[in-house]
Amino acid sequence: MTELPIDLLHWAVAASPIIVLLLLLTVLRWKAPEAGPVGMFVGAVTALTLFRAPLETLAAAVGSGVWDAVFILLVVWPALLLYRVTDAAGGFSALRIGIRRFSRNHLFLVLAFGWVFASFLQGIAGFGTPIAVVAPLLVAIGVKPVFAVVIPLIGHAWANMFGTLAVGWLATLQVVDLEDELTTAVQTAVLLWIPNILGAVAIAWLFGRGRAILHGLPFIAVISLIQGGGQLGIVFFEPILSTFLASTAALIALYPLSRWSRYRERADHIENRPAMEDNARDLEDDEEKAPMSFTWSLLPYGVLSATSIIALAIPPVTDFLGRFEFGPSFAESETGYGFTAEIDDPYSPIALLTHPGTFLLIATAVTWAVFRARGYYDEWQKKEGKEPIWRNTAEDAVPASIAIISFLVLAKILDFSGQIEVLALGIAEIAPPLVFAVLANAIGVLGAFMTSSNTASNVLFSQLQLTVADSEGLAPSAIIAAQSTGGAVGNAIAPANIVLGTTTAGIVGKEGAVLRYTLPWVAMVTVIVGLATLIFV
Amino acid sequence: MTKLIVYGVVLVVMLASLPVASFGSASEVTWAMALALILFGVASAVPPVLRFLPVGDDDGDEDGDDE
């Protein structure tokens with residue numbers, strides 16, 4: 001029998017590891033590999049003392065947290081390798097020159113990469129791939145590194161719930177018994193349209209404030225109609241493919257939009273461009289030479305998209321590749337309050353052949369072999385000098401890996417010791433029904449912040465949300481829709497996601513600077529989604 | 001380079017604690033669970049402690065934003 005203490009003291013103590021982590025990152029500006037372990041130690045101490053967790057619980061939390069991190073590290077390392085392999089052959093230089101022919105409008109390019117392409121990648125690959133891949137692309141076109149991380153974090157968030165072939169949605173259906181699945185899916189898609197539009201508006205605002213929003217408005221309206229509206233329409237028939245199809249259609253729509261003079265030519269009237277490097281305009285006029293054509297520079301992304309689609313969008317192929325999976329075992333243990341977290345056996349198995357890290361590795365291997373065969377490495381090295389690919393990759397990936405491991409172990413400690421449960425139950429306890437409806441998506445945000453995963457957030461909180469919805473007489477579909485939307489939006493502040501971006505953008509240690517932009521956006525979207533939830537309750 | 005090596009060792013130890021924790025937890029072997037906690041705890045303590053020690057930093061500047 002669980003007797004978790006739901007009072008102010010325990011609620012505040014349960015929140016303390018998260019608060020310490022946020023303070024270290026944003027106020028004291030510690031680097032993520034330094035701040036992560038401190039937050040984790042605070043979580044371990046509160047688990048052992050006030051939450052009466054035995055050492056067995058802590059050991060299982062360490063093991064499962066490291067395993068969850070391995071899942072993400074399998075994206076981080078190949079993504080960094082792909083970046084280095086492309087960069088060492090002059091691929092980003094070629095991309096920059098080629099894009100200039102496509103469009104000379106920086107706002108168009110930032111929205112195209114940071115919103116449309118990032119959402120497309122989330123639609124199919126997910127698990128941090130959009131941030132890891134898009135951040136260096138934005139840096140290549142002259143976006144300041146901190147903004148190059150902020151933009152895809154905000155831009156891809158809406159696509160988390162039904163993205164990666166709706167893994168979050170499918171997991172939710174597994175953990176809760178929904179009376180009306182269609183209504184829940186439709187309401188979720190309606191709420192997800194909010195971060196979709198606000199993500200694009202925020203990106204335009206970051207780029208060039210009000211003038212950029214006005215200039216980008218037709219683009220945002222068209223693409224959001226395709227992405228958010230398309231997802232909503234498709235969800236009626238096939239939720240699993242809704243984000244993938246909608247984001248692919250939006251990617252295709254970029255071509256006709258780029259032919260419109262409004263988005264083909266430079267937008268010089270947007271003078272104040274806080275997100276862009278001072279020399280971004282010079283880059284447009286730079287007569288630099290790249291060793292390869294624009295088409296060849298797109299090879300890594302073409303291979304990545306093609307392998308992801310073949311492996312994940314063709315059911316017989318997915319079923320076959322998904323058979324090869326493995327995971328460790330951990331025993332469940334009871335805390336002094338009788339709280340036991342359920343641990344599946346095997347725990348969270350990884351299907352290596354359908355993992356996005358495998359697609360990234362294939363893209364890396366193909367890119368390296370083709371670029372080498374065509375002599376791009378030799379040509380670029382003569383001009384720029386030799387780039388140590390492996391060493392550069394390790395320098396970025398090792399500290400990022402430590403940060404990601406400590407974040408996810410912290411999440412597991414808080415989960416297994418009942419601290420996350422106390423946080424959520426505490427909100428439910430004091431909030432009247434309508435206030436709870438508004439706050440339901442904030443619980444989803446909390447879950448995603450802790451676990452860097454919409455799926456994990458829903459697995460963690462959906463049952464709790466449903467129980468509270470039933471007891472308070474709220475529509476279960478609306479509360480699960482709010483939880484799911486919060487889980488998607490929270491990805492923009494998840495430390496592990498941020499570290500992915502700061503690592504590939506080459507600014508490890510600037511996680512706090514990124515949070516200072518994504519945190520207010522998430523807070524704003526959470527409030528608006530919370531109020532919108534009231535329409536459905 | 002020094003910091004990269006230290007961080008590399010920290011990462012290896014963190015990853016090594018996974019099979020030890022899994023073995024101990026699934027088989028209820030107390031010493032393995034204790035070993036996993038010690039390994040992981042000590043490794044995790046290194047990065048915050050390094051912040052206050054004069055060890056070579058090769059991953060960028062400490063402060064200041066790029067925005």
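**Labels and their cut-offs**

Tutor: Let's start in helix H18 (residues 389–416) of chain A, where Glu395(A) and Arg391(A) sit four residues apart, about one turn of the helix. A helix here is a DSSP run (H or I) of at least four residues, a strand is a run of E of at least two, and both are numbered from the N terminus. Keep in mind that this is a predicted model, where local features need pLDDT of at least 70 and side-chain atom pairs count only at pLDDT 80 or more, while totals for chains, interfaces and linings use all residues. Residues are numbered from 1 along each chain as its sequence is written, chains are lettered from A and ligands numbered from 1 in the order in which they are written, and side-chain values use heavy atoms, with hydrogens and water left out.

Student: Why is the pair Glu395(A) and Arg391(A) called a salt bridge?
Tutor: The rule asks for a side-chain nitrogen of Lys or Arg within 4 Å of a carboxyl oxygen of Asp or Glu. In Glu395(A) and Arg391(A) the closest N and O atoms are 2.4 Å apart, so the pair passes.

Student: What makes Glu395(A) buried?
Tutor: Buried means under 20% relative accessible area, exposed over 50%, and partly exposed in between (1.4 Å probe, protein chains only). Glu395(A) has 16%, so it is buried.

Student: What makes Glu34(A) and Arg51(B) a salt bridge?
Tutor: N to O is 2.7 Å between their side chains, so the pair is within 4 Å. Glu34(A) is buried at 1% relative accessibility, whereas Arg51(B), at 24%, counts as partly exposed. Between chain B and chain A the count is one salt bridge.

Student: Which elements of chain B give two or more residues to the side that touches chain A?
Tutor: Helix H1 (2–27) and helix H2 (30–50) of chain B. H1(B) gives the largest share, 14 residues. In total, 36 residues of chain B are in contact with 44 residues of chain A, contact meaning heavy atoms within 4.5 Å.

Student: What is meant by the area buried between chain B and chain A?
Tutor: Buried area is the accessible area (1.4 Å probe) that two parts lose on being put together, summed over both. For chain B and chain A that comes to about 3400 Å², with carbon and sulfur atoms giving 70%.

Student: Is Ser452(A) buried or exposed?
Tutor: Buried: 11% is under 20%. Ser452(A) lies in the loop between helix H20 (433–451) and helix H21 (454–472) of chain A, with phi near 60°, a positive value in a residue other than glycine.

Student: What makes Ser308(A) buried?
Tutor: Ser308(A) has 1% relative accessibility, so it falls under the 20% limit. It is found in helix H14 (residues 299–313) of chain A, and touches Ile124(A), Ala125(A), Ala313(A) and Phe359(A), not counting residues up to four places away in sequence.

Student: And why is Phe102(A) partly exposed?
Tutor: Its 27% sits between 20% and 50%, so that is the label. Phe102(A) is found in helix H4 (residues 91–102) of chain A.
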